[in-house]
Amino acid sequence: MAQGANRTTAQVGGVVLLAAAVTAFLAVAAVRHGFFDLKVYYGALTWWVHDGGEIYDYLKPNTQYGFTYPPFAALVMLPMAYLPWTAAIVVSVLASVVTTAVLIWWLVDPIARRSGWTRWFALAVALCLAAAFEPMRETVNFGQVNTLLLFLVAVDLLRLLPAGNRWAGVGIGLATAIKLTPGIFIVYLLLTGRWRAALTASGTAAGVSLLAGALFPDASREFWTEALWNTGRVGELAFVSNQSLRGVVARLDPQHPSTLLWLLLVLGTLALWAWRSRAAVAVGDEATGLALTGAVMCLVSPVTWVHHLVWLLPALILLVDNAMAAPAGRRRRVLLVAATIGYALLISRTVWFWEKDFTGVDGFLGSNAYVWISLALLAFLPIRRWLAPAGSVVEASGVPQLDQPDRPTPAGERHLIGRLLTVR
């Protein structure tokens, strides 16, 4: 009893110290954006609802930035127009914190169970580390919707789809209707042969978009015919915060970026993603499918600001998951070192050292550091083999699998199973 109490006391003290260290780090390293993007949403909705203006005509005073999301996003955010500004901030921060906490719990809890860690302690440590993660702190400080979208996709891929739930795809559809880029997860479902979920996602996205169109016909017409194609509203492609392949190419020649080179890089990246995603789903590794697709979305999107890189969070956690599932030895050390380096770079604001001058070899390597991390995760994130139901394709392949208490079966049974780490 005393030993357990001492352990709990030590863990509480450890979490308090880590939280204090993270707070001190954020006080020095975190840039204050004053909820800039949330101000854009709030101003556009207020202009639209209370001042009689068109939502896509609004620009934040003294900037080029306006509301860039589809009309369904405006419908989802509509209650914000009736809230005081302070309340809007509170709702935004709480939404980011809660969705992040749930997602991290889904990914970290299996590691804690398998490794014998105290579960609340593992979650608390992970949340502290997530708070220091630059994309996460930027998301919160800008007032962005990234964690909400990631959560909606994760509900489908980590919960509904493995359980065979007929509603799988709704979350992806809603995320796609809020912001078009998660639509790549519909392609992921098609690519990996989950036709029903893909149809559900597509139908959900189309249905809620048509609903928004019926409610707001003028706004919908302006978005789909004009605002969607006005790339000047989102910012400069060569800006160092754009950590996509398009940003890499733009920084090579800001005045005349090569569209052909970008398209060739995108095609090669998509081919790699398609191969690895199919391999992951073939062995039931839906979590890695989520991580790989999140990484490729960041890479191929024309604009991926640093705060969009919250989509890399599952991949970093899965690196630790794979490390702890591996036998003690070189492989475990390599994976832990890779996770540590990736995380350290993604809290360091490294790319911003080249904000004003990204020329030269050092500029090419440093200003695109987060792109290299995304590519490395896409190419080398290990794929895990899950226990398959009797008679499945995976079982028929003759791959050996072990019973371990950490993951639910694809059929949604209440007993838990583990996985055998495989090299791929």
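Me: Before anything else, what kind of model is it, and how are residues numbered?
Reply: This is a predicted model, in which local features need pLDDT of at least 70 and side-chain atom pairs count only at pLDDT 80 or more, while totals for chains, interfaces and linings use all residues. Residues are numbered from 1 along each chain as its sequence is written, and side-chain values use heavy atoms, with hydrogens and water left out.

Me: How many helices and strands does the chain have?
Reply: The chain has 19 helices and four strands. Helices (H or I, at least four residues) and strands (E, at least two) are DSSP runs, numbered from the N terminus.

Me: And how much of the chain is buried?
Reply: Of its 424 residues, 51% count as buried. Buried means under 20% relative accessible area, exposed over 50%, and partly exposed in between (1.4 Å probe, protein chains only).

Me: What share of the contacts comes from residues 24 or more positions apart?
Reply: Such residues account for 70% of the contacts with a separation of 6 or more. Contact means heavy atoms within 4.5 Å.

Me: OK, packing. At what angle do helix 9 and helix 13 pack?
Reply: Helix 9 (residues 184–191) packs on helix 13 at an angle of about 60 degrees, with the axes 10 Å apart. That makes the pair oblique. Angles under 35 degrees count as roughly parallel, over 145 as roughly antiparallel, 65 to 115 as roughly perpendicular and the rest as oblique. Axes are lines fitted to C-alpha atoms, for helices over the stretch in contact, and angles run from 0 to 180 degrees between N-to-C directions.

Me: Which residues make that contact?
Reply: Ile 184, Val 187, Tyr 188 and Leu 191 come from helix 9, and Trp 273, Ala 274, Ser 277, Arg 278 and Val 281 from helix 13. By class they are seven nonpolar, one polar and one charged. Ala, Val, Leu, Ile, Met, Phe, Trp, Tyr, Cys and Pro count as nonpolar, Asp, Glu, Lys and Arg as charged, and the others, Gly among them, as polar.

Me: Ser 277, then. Buried or exposed?
Reply: Ser 277 is buried, with a relative accessible area of 0%. Its place is in helix 13 (residues 259–282). Leaving aside neighbours within four places in sequence, Ser 277 is in contact with Tyr 188, Leu 191, Thr 192, Leu 292 and Thr 293.

Me: What about helix 14, how many of its residues are buried?
Reply: 15 of the 15 residues of helix 14 are buried, so helix 14 is largely enclosed by the rest of the structure.

Me: And helix 12, what covers it?
Reply: Seven of the eight residues of helix 12 (residues 245–252) are buried. Their cover includes helix 13, helix 14, helix 17 (360–366) and helix 18 (369–380).

Me: Back to packing. What about helix 2 and helix 4?
Reply: Helix 2 (residues 36–49) and helix 4 (residues 85–115) pack at about 125 degrees, with their axes 11 Å apart. Helix 2 is therefore oblique to helix 4. Leu 38, Lys 39 and Tyr 42 of helix 2 meet Trp 85, Ala 88, Ile 89 and Ser 92 of helix 4.

Me: Last one, where is Leu 161?
Reply: Leu 161 lies in the loop between helix 7 (146–160) and helix 8 (170–178). Leu 161 is buried, at 16% relative accessible area. Its C-alpha atom is separated by 9.1 Å from that of Arg 194, 33 residues apart along the chain.
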